[in-house]
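Please read them beside the coordinates.

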Amino acid sequence: MLRANIIKALLPLLLVCFVLSGQAQTDPKPSKVDIKSGYLEKREDFPDAVIYTKDNSGQVFIVHEGVEMWCDQAFVYIKENFVKAYGKVRISQGDTVVMNSRYAEYNGNTQFAFATGDVVLKEPKTTLTTDTLYFDRIKQQAFYRSGGTVIDTASTLTSNVGRYFANNKKYQFLSDVKIVNPEYTVNSNQLDFYSETGGAYLYGPSTIVSETSTVYCERGYYDTREDTGYFVKNSKIDYETRTLYGDSIYFNRNTSFASATNNIKILDTVNNSVIKGHYAEVFRQKDSLFITKRAVAITVRDGDSIYVSCRYTSGYRTGGQSYFKRIPPR
């Protein structure tokens with residue numbers, strides 16, 4: 001009876017040990033980096049390293065679990081599964097990411113890479129240049145903290161801090177973010193950029209400045225390739241003689257068109273007037289606007305304010321003239 005009770009008491013502990021033992025057997029050990037080519041030598045001043053140097057056949061070539069590395073000279077620390085690479089370093093991950101630098105380190109156990117000196121990271125549609133870059137192959141993320149530049153098919157993006165998510169083809173830029181395009185310049189506190197689509201998500205106080213307009217928002221989206229945007233939270237568009245405010249604003253640079261919904265306010269400096277409503281359309285090239293849903297026009301003349309309002313009203317302005325007509329209820 002006593003023996004049976006002892007076995008019963010120890011049974012949970014035995015089960016735990018069995019599970020842990022099974023996990024230990026199934027967890028694979030990190031594979032060793034594999035040196036495919038290079039002139040091998042041992043030096044007394046580096047007793048823990050095996051040194052490979054490029055020869056007549058080409059650069060030192062190293063592979064490890066889907067990553068390939070080329071360099072002029074490599075210090076390979078066999079016990080630590082660690083590589084220090086010097087001179088025209090190139091690290092490739094399939095057809096998606098290629099990184100070039102003057103120096104790099106790679107840890108085969110953690111699959112973490114560090115590169116410095118004229119670093120260039122290329123993926124299908126963008127090129128990132130920076131001084132120092134860190135790349136985590138497990139998380140498929142690369143990041144920099146000392147300033148970087150990303151060249152896209154349509155624009156050039158710069159920031160002090162940045163991170164690249166390889167799986168999503170996404171860049172996250174932080175601190176002094178700027179997009180320079182031949183048609184406009186974007187400044188933002190934080191910007192998420194998707195390299196496949198060219199879509200940019202703006203966070204915090206942001207501006208899009210061009211010769212004909214200035215967009216401001218504290219949250220929004222801008223398609224850098226199609227030149228269209230959607231802005232919310234304290235959003236407005238400044239034209240030469242008119243400023244459009246709204247809870248949400250759609251903007252199309254190609255057609256010089258903007259529309260806004262909810263809590264609309266348009267300041268017109270030419271006519272010294274304010275027009276309010278809940279939906280508006282602005283055609284910059286035609287010098288016209290349309291506003292509806294409880295529209296109110298306030299014009300200041302000779303120090304007096306003139307109010308024109310109607311529950312069902314639309315307004316249209318062109319050539320310095322304002323028109324309002326009653327729309328009968330449905």
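1. A contact here means heavy atoms within 4.5 Å. By that criterion, and leaving aside residues up to four places away in sequence, Leu244 touches Ser235, Lys236, Ile237, Ile249, Ala258, Ala260, Ile264, Lys265, Ile266, Ala280 and Val282. The model is a predicted one.

2. Leu244 also belongs to the largest nonpolar core, which has 61 residues; together with Phe173 and Leu191 it is one of the three that touch the most other members. Another core lies apart from this one and has 5 residues, including Ile51, Phe75, Tyr77 and Phe82.

3. The protein as a whole contains 1 helix and 27 strands. Of its 330 residues, 42% are buried. Among contacts with a separation of 6 or more, 32% are between residues 24 or more positions apart.

4. Strand 16 (residues 184-194) and strand 17 (residues 199-209) are antiparallel and pair over 8 bridges. Leu191, already named for its contacts in the largest core, has Leu202 of strand 17 as its bridge partner. The hairpin formed by these strands has 4 residues between them, and Gly198 takes a positive phi near 80° there.

5. Strand 17 is also joined to strand 18 (residues 214-223), by 9 bridges and again in the antiparallel sense. Here the bridge partner of Ala200 is Tyr222, in strand 18. Strand 17 and strand 18 likewise form a hairpin, with 4 residues between them.

6. Which residues other than glycine have a positive phi near 55°? Asp118 is one of them, and Asp176 is another. Asp118 is placed in strand 9 (residues 112-123), while Asp176 lies in strand 15 (residues 170-181). Both positions deserve a look in the backbone.

7. Are these two aspartates buried or exposed? Asp118 has a relative accessible area of 53%, so it counts as exposed. Asp176, at 60%, is exposed as well. The cut-off for exposed is over 50%.

How values were computed
Residues numbered from 1 in each chain as written. Predicted model: local features only at pLDDT ≥ 70, side-chain atom pairs only at ≥ 80, totals over all residues. Heavy atoms only, no water. Pairing = 2+ DSSP bridges. Helix = DSSP H or I, 4+ residues; strand = E, 2+ residues; numbered from the N terminus. Core = buried A, V, L, I, M, F, W, Y, C linked by side-chain atoms within 4.5 Å. Buried < 20%, exposed > 50% of the residue type's maximum accessible area, 1.4 Å probe, protein only.
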